[in-house]
Each structure stands twice: as structure tokens, then as C-alpha cells.
Amino acid sequence: MPRAGSLRRSATFDAPPNIALVKYWGVRDPRLGLPFNSSVSVTLDRLRSRTTVAFDPALREDAVEINGAPATGGPRDGVVHFLDRVRTMAGTTDAAHVTSENNFPTASGLASSASGFAALAAAASRAAGLRLTPRALSQLARFGSGSASRSVFGGFVEWRAGTRPDGSDCYARPLHPEDHWPALRDVVLLVRGAPVKEVRSKDAMQATVRTSSEYRRRLRELPPRLVRIERAIGARDARALFPLIMDECDSFRAVCETTRPSLDYLTSTSRAILAEVREMNRAAGRAVAGYTHDAGAHVHVFTLARDAGRVRRRLGAIPGVDRTLVLRPGPGLREVGSGRGGRRP
Ligand code: DP6
């Protein structure tokens, strides 16, 4: 156990969001946060959460600030529970100042829980004096948010479900670095009036496991689909990849819609985007693009650099699309600074 005096007290890390091409949806062991299936994602460039954790023996309870305002309720509880886990690992009882800022709108559906908890896992563990490997960080981050395990790494990432009951073979690992496929683009369509998530994905997915008649079928279909998606990524084969990620997204949406009560994350604009991508591919006679979405209304459309401008203009013109971003695969966690003392507000 590290002595209090030897702890590095403060650390700041940046972490990116990621978008899943094979979705995590369903927990087989809630205590250890183990998923039913392995998932695959692309880490996104330009967007990030920056989180500073400063342990302070003079502080009576954790002080959590998110995007410039004190956090309360569920978001604060999530951070405090996470810090408790880190304190247990490090053998300290000190409270901490936590500040976290996104350079994109929180709860915009751009996976701020993934970037936020990946940055928190790195900053809290480092500030508490722990030196965790990237793999161990991915295992820690999943206790905040499952998808956060993948935001530790850049590029193309797999979160392995594993089979061991103790979770020791459940971790994220990099498949390819961010420069593996320089021509790949993610055209993100931010949809107006996207409802703010009321139920955390963690809870929504368990409703699916319990009630969706389609869930077992999805689990059977996933292993071969994951192999094909990873193979298409490895070969930079857009024609193979785009239809596969649309199938996967449709399968994810089907289990949401057959959950009781039904989970419907899309707006009419999101649905119009999906239809337009299908139509573009049909008219071109090839897979120009492939859509995916998470538990939210915004849509990510993967395409190649040469088609990205056209895809962006065409989909951006659909009524109800507020903003478009064109992102690339990006780097993973990055240390911004650490030291003793930290800042004392
Ligand atoms: C549909 O890991 O974000 O985005 O623990 O509630 O934060 P919470 O869940 P989270 O769930 C991700 C669900 C998904 C698919 C994915 O990212 O793999």
C-alpha cells in the first residue's frame, strides 16, 4: 500500500469518445460489469473530456465539477462511487476535487460518459499513486461506463467480453492504431430536438436482456459478425464494412424496439438519415456509406474521404439536422499533467 506522503496528488488526462461498430448491450455480471458480448469501436479525433483529480486530505467530501458547474444527483454519485473504488485500490481515504470539461456538448449523445470515465479512471488512479497498465485502466474505466473501457485506446479497439467468472479476461485492446485507415471518415449528424437520455444505458440494456424476444438471437449472430467486421477493418475494405455495420446497427435497434416497454432512441430525422444512406447506396450500386447510432438520436455515417463532402451535404440537408461534423479515427488517453499539490479552489 503506498504511503500517503508518497502519493502523487494531482493528475489531468484527456480522453476521447468512441463510436461502437459492434455494440455493447447487455451485462452478464453487474457486480463486475462484465458484458455478454465483445464490442468493437472507433476512437474519434478532436472531441475530448479533460479531467483533473486532486486528492486533498483537508477536504471533507468529494467536490465534483462538470463543465463549470457543481455536479449533483446521479452524475455526482457516479463519480464518487468510482473514486471509492480507486481509493480502495490505492489504500487512501482522502477526498478529491474533480473537474471535468468536454469540448463538445454533454449529453449531446456524443458518448460523454465514455470519454469522461476514461479520463477519470486515468486521472484518479494516477493522482492516487497507482501505476496502471492501459489494459488495467480499461478494466477500471468500465466500472464507470462500459464503453469507457474502449476510450483508453486510440484507433480501432475491441473490448473482449471474456469468459472467466472473475473478469480477468475481460478488457479492451487496440486492434489498429489511428493511422491504420487514413481515408476513413465519420460524418456525424447532430439531430435537432434529440431527447436527453432519461434512463442510463446500463439500466436500459438490462431491460432488453430481460424482455426482448430478439436478444438471444442477437447474441448468436454476433460472434461471426464481429469476425467479419474486424476482418473488413483490417483489410480497409469499405465495401464489406459499411453493410456489416448497418446490419449490426439494425440488430441493436431491433432488440431495443422489442424491449418492453419499447426503447426508441431515434427521431423522424434520424430515421430519414438512415433511409437516405440506404437510398444513396442503392442508387450508386455500391456501399458509399454505412450508418450507425448508439442509444441516442444522432447518427454516425462512415464513408471514405473522397465521398465525405457529398455525403455531408446530402445528409446535412435533411430537415432537422442541426450540425454536421466530419471526424477521423483519433488517439486514445493522453496525460496533460500531474504533480503534487494540485490546484486548490
Ligand atoms: C449503445 O457504456 O454508455 O453506446 O454504463 O450507462 O454509461 P452506461 O452505458 P454505456 O453503454 C453503451 C451502449 C452503446 C453501445 C456501445 O457503445 O458499445
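This briefing covers helix packing, ligand contacts and backbone geometry in the structure above. The model is predicted, so local features need pLDDT of at least 70 and side-chain atom pairs count only at pLDDT 80 or more, while totals for chains, interfaces and linings use all residues. Residues are numbered from 1 along each chain as its sequence is written, and side-chain values use heavy atoms, leaving out hydrogens and water. Helices (H or I, at least four residues) and strands (E, at least two) are DSSP runs numbered from the N terminus.

**Packing of α5 and α6**

- Helix α5 (residues 215-234) packs with helix α6 (residues 238-257) at an angle of about 160 degrees, and their axes are 10 Å apart. Axes are lines fitted to C-alpha atoms, for helices over the stretch in contact, and angles run from 0 to 180 degrees between N-to-C directions.
- The two helices α5 and α6 are therefore roughly antiparallel (over 145 degrees; under 35 counts as roughly parallel, 65 to 115 as roughly perpendicular and the rest as oblique).
- The crossing of α5 and α6 is left-handed (the near helix is turned anticlockwise from the far one by less than a right angle; clockwise is right-handed).
- Residues of α5 in contact with α6 include Y215, R218, L222 and I229, and those of α6 include L241, L244, D247 and F252; contact means heavy atoms within 4.5 Å.
- By class, this contact of α5 with α6 has eleven nonpolar, one polar and six charged residues (Ala, Val, Leu, Ile, Met, Phe, Trp, Tyr, Cys and Pro are nonpolar; Asp, Glu, Lys and Arg are charged; the others, Gly among them, are polar).

**Packing of α2 and α3**

- The axes of helix α2 (residues 112-127) and helix α3 (residues 134-141) come within 9 Å and cross at roughly 120 degrees, which makes α2 oblique to α3.
- The crossing of α2 and α3 is right-handed.
- F117, A118, A121, A122 and S125 in α2 meet L137, L140 and A141 in α3. The contact of α2 with α3 has seven nonpolar, one polar and no charged residues.

**Ligand surroundings**

- The ligand is surrounded by 16 residues, the closest being S145, S147, R150, R200 and K202; the criterion is a heavy atom within 4 Å.
- For S201, a backbone N or O atom lies 3.2 Å from an oxygen atom of the ligand.

**Backbone geometry**

- The peptide bond from R260 to P261 is cis, with omega near -10 degrees; P261 is in the loop between α6 and α7 (268-284).
- R46 has a positive phi of about 70 degrees although it is not a glycine, and R46 is in the loop between β5 (39-43) and β6 (49-56).

Notes: A polar contact is a pair of N or O atoms within 3.5 Å; within protein, one must be able to donate a hydrogen and the other to accept it, and residues adjacent in sequence count only if both atoms are side-chain atoms.
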